[in-house]
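The exercises below concern aromatic rings and helix packing. Work through each task before reading its solution.

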Amino acid sequence: MHPTSDAAMRTLTSSAVPSCDEASEAHGVPQGRTDSASIDAARGVGRGDSCTLLASIPLLYGLSKQIIPQPGYWPSSVHCCGFWQQKHTGTACDRKQQLHALLKPVLPHSSLEEWKSEQPLVCIDFGSMGCMGLIPDPHHLVAVLVAALHFAGAKGILLTGGWRPLLLAADTAVQPAVGGPILIATPGSISHSLLLPDCSAVLHHGGAGTCAAALSAGLPHLVCPFHFDQFSWAERLTYLGVAIQGSTQMLVGSHTRSSAPLVNSSGPPSQPSLLHSGPDPSDNDPSDDEPQPPAVLPAAQQLADQMKVLLSGRLNQQCHNIQADLQGEDGISNAVEALLEQLQSAAVPRRTAIPPLPLPAANRSSQPEASDKFLTCPPLDAPPCKASRKGVDDKALVVLPNGWQVPACAEAEALFIYHEIAEQQCYLQEGIRINHGDTVMDVGANIGLFAWWVLLGGTNRGQASRVVAVEPMPQNIAVMQANLERHSLSSQVKIVPQAVGQTEGEAVFRYYPAMPGNSTCHVREKQQLQHQHTAAHFFTDAEDCVCPVTTISHLMERHDSQEINLLKIDVEGCELEVLQGIQPHHWSHISQIVLEVHDTAGRLHEITAMLEAQQYLVLCQQGLAPATHMVFATRHM
């Protein structure tokens, strides 16, 4: 019987799926596990300490049987799938190029190999422990790491995960002057699959994802657990002969920030003034009872001794044996296979994010079946469309919650847009504001509710004086004209019946009568993002038409909009092209930008980088729709 107790085994398995913060460590672990909608159904039944797991509820563990043997008393509905990891599939050369690109901003030399200079490299990763408040003194931690690496004759890469206090502590640490820094810190995340092949050992907190990555890389571990299942992981890996358990308390120090440098720029770390990190001994208040941080040097020496064991090669053979055992596992594929098997054998209730919209009585018996038209791009020979008021006056008025009455193409969507604009004020977040007399350019104006709202003003916003409303769909334009005329706002709104893109020309758009605001020229993207969350009849009776395309710069020049106080963009997948159509000399004339971004193919990152390059302060929020984000960009004119 190995020393891991049955209680500890339950701790390991109950938390074997990494937490939300640790999901990034596992590089591919789905984050949907935070959905608690079905937790009650999955709980055990019984009283006291006796609990029976319902055999009808499938339970998937992202861990390997090679590491955690599956007890025989578990029901057949429990599956140990293997670790859930996204492995690097490119060549070794591709991996090194990607790693170099990520490390280049912090490397003191031209390459990782040149910086290592034949010294062993230790990957240091404490996951989300800092963000959770479990590293009270990052300066002490960095001081211990620098000295320990110095004693062990190694170099280290500290993965900060973007936690600024740790990154700042690493950037300001005093390091040996000879040979350059021995510890560098990454400002963001780096995939373990890219970094670990260049490492000789891993120092980490015992998170499930990091354990899996180091085991799969065949590297020895030094595990310093902080809480929960991390202690069980440290115990288990030590038993398997691939790890040493370190002292977390000695590593992280106390709540008092250490201030003394650890490694002197001109001497070894053994000088008396460097043996203790803490307040200056000349402090005039000797009666201060605040807890003092532990001595840095003893902690560093202990850590260095453990590093030397890892780097001696004593654990390498067992690490390679376990690595070989894990190579044949594909945890993600096994999990998908188990899910498919469950879905095929069980009736799964239908769940949709948006409740179905009742179809008009005239259409219920003639709802078209799904066809190739829905799945393919619109034909390029679709006829051009022109705005027409035909049928607009016959539309029923939609009464909005504040009493506004508007004609609308689709009642459900009009109510939803009103909720976004007026109740949630989703466009006026993160410093975006409207002042009296502002000029607003509304790209993707739909039926004009946003234009109407900003022109009326309110208690928490000024009253815009002019709106340039840009909308390509003729059906929406006709309803917008009716709305503005009905409420005597036509003189303050310039309607531009065009789409907006990177260059002028034409584009084919698909119009959805049941949800006109979702009309788009990126039909396949719309399918992928929304079809699983939206009832099928919202997509029926779609029409295709060719619409003229212009650019933001041309709009500014042609419609007397040399200064735009707020540029609002909601263009269903075309947002990057819209920004690319802004000429360099026009950026400085746009004070604020708010846009909804469909984050596919790295679009969100590209857009935020573009805005930051133009000196905007950029903030993002998760949007309401799948894979969408709201981006808010402000600058001082």
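How many aromatic pairs does the structure hold? The model is a predicted one, and the structure holds 5 aromatic pairs.

**Exercise 1.** Classify the pair formed by Phe126 and Phe226, and locate both residues in the chain.

Solution.
1. A pair of aromatic rings is described by the distance of the centres and the angle of the planes.
2. For Phe126 and Phe226 the values are 6.0 Å centre to centre and 70° between the planes.
3. Planes over 60 degrees apart count as edge-to-face, and the pair of Phe126 and Phe226 is edge-to-face.
4. Phe126 lies in the loop between strand S3 (121-125) and helix H6 (138-152), while Phe226 lies in the loop between strand S7 (221-223) and helix H10 (230-239). The two are 100 residues apart, and the pair links distant parts of the chain.
5. Buried means under 20% relative accessible area. Phe126 counts as buried because its relative accessibility is 2%; Phe226, at 14%, also counts as buried.

**Exercise 2.** Classify the pair of Phe450 and Trp453, and state the cluster to which both belong.

Solution.
1. The ring centres are 6.3 Å apart and the planes are at 40°, so the pair is tilted.
2. Both residues are in helix H18 (residues 449-456); because they are 3 residues apart there, about one helical turn separates them.
3. Phe450 has a relative accessible area of 2% and is therefore buried. Trp453 is buried as well, with 4%.
4. Together with Tyr427, Phe450 and Trp453 form one aromatic cluster.

**Exercise 3.** Describe how helix H9 (residues 208-217) packs with helix H13 (residues 316-327).

Solution.
1. The packing angle is about 100°, and the axes are 7 Å apart.
2. Angles of 65 to 115 degrees count as roughly perpendicular, so H9 is roughly perpendicular to H13.
3. H9 contributes Leu215, Ser216 and Ala217 to the contact, and H13 contributes Ile322, Gln323 and Leu326.
4. Sorted by class, the contact has 4 nonpolar, 2 polar and no charged residues.

**Exercise 4.** Which residue has its charged end over the ring of Tyr616?

Solution. The residue is Arg635, whose charged end sits 4.4 Å from the centre of the Tyr616 ring.

**Exercise 5.** Summarise the chain as a whole.

Solution.
1. The chain contains 24 helices and 20 strands.
2. Of its 637 residues, 50% count as buried.
3. Among contacts in the chain with a separation of 6 or more, 71% are between residues 24 or more positions apart.

Definitions and conventions. Residues are numbered from 1 along each chain as its sequence is written. This is a predicted model: local features need pLDDT of at least 70, side-chain atom pairs count only at pLDDT 80 or more; totals for chains, interfaces and linings use all residues. Side-chain values use heavy atoms; hydrogens and water are left out. Rings of Phe, Tyr and Trp (its six-membered ring) pair if their centres lie within 6.5 Å; planes under 30 degrees apart count as stacked, over 60 as edge-to-face and the rest as tilted. Helices (H or I, at least four residues) and strands (E, at least two) are DSSP runs, numbered from the N terminus. Buried means under 20% relative accessible area, exposed over 50%, partly exposed in between (1.4 Å probe, protein chains only). A charge sits over a ring if NZ of Lys or CZ of Arg is within 6 Å of the ring centre and within 35 degrees of the ring normal. Axes are lines fitted to C-alpha atoms, for helices over the stretch in contact, and angles run from 0 to 180 degrees between N-to-C directions. Angles under 35 degrees count as roughly parallel, over 145 as roughly antiparallel, 65 to 115 as roughly perpendicular and the rest as oblique. Contact means heavy atoms within 4.5 Å. Ala, Val, Leu, Ile, Met, Phe, Trp, Tyr, Cys and Pro count as nonpolar, Asp, Glu, Lys and Arg as charged, and the others, Gly among them, as polar.
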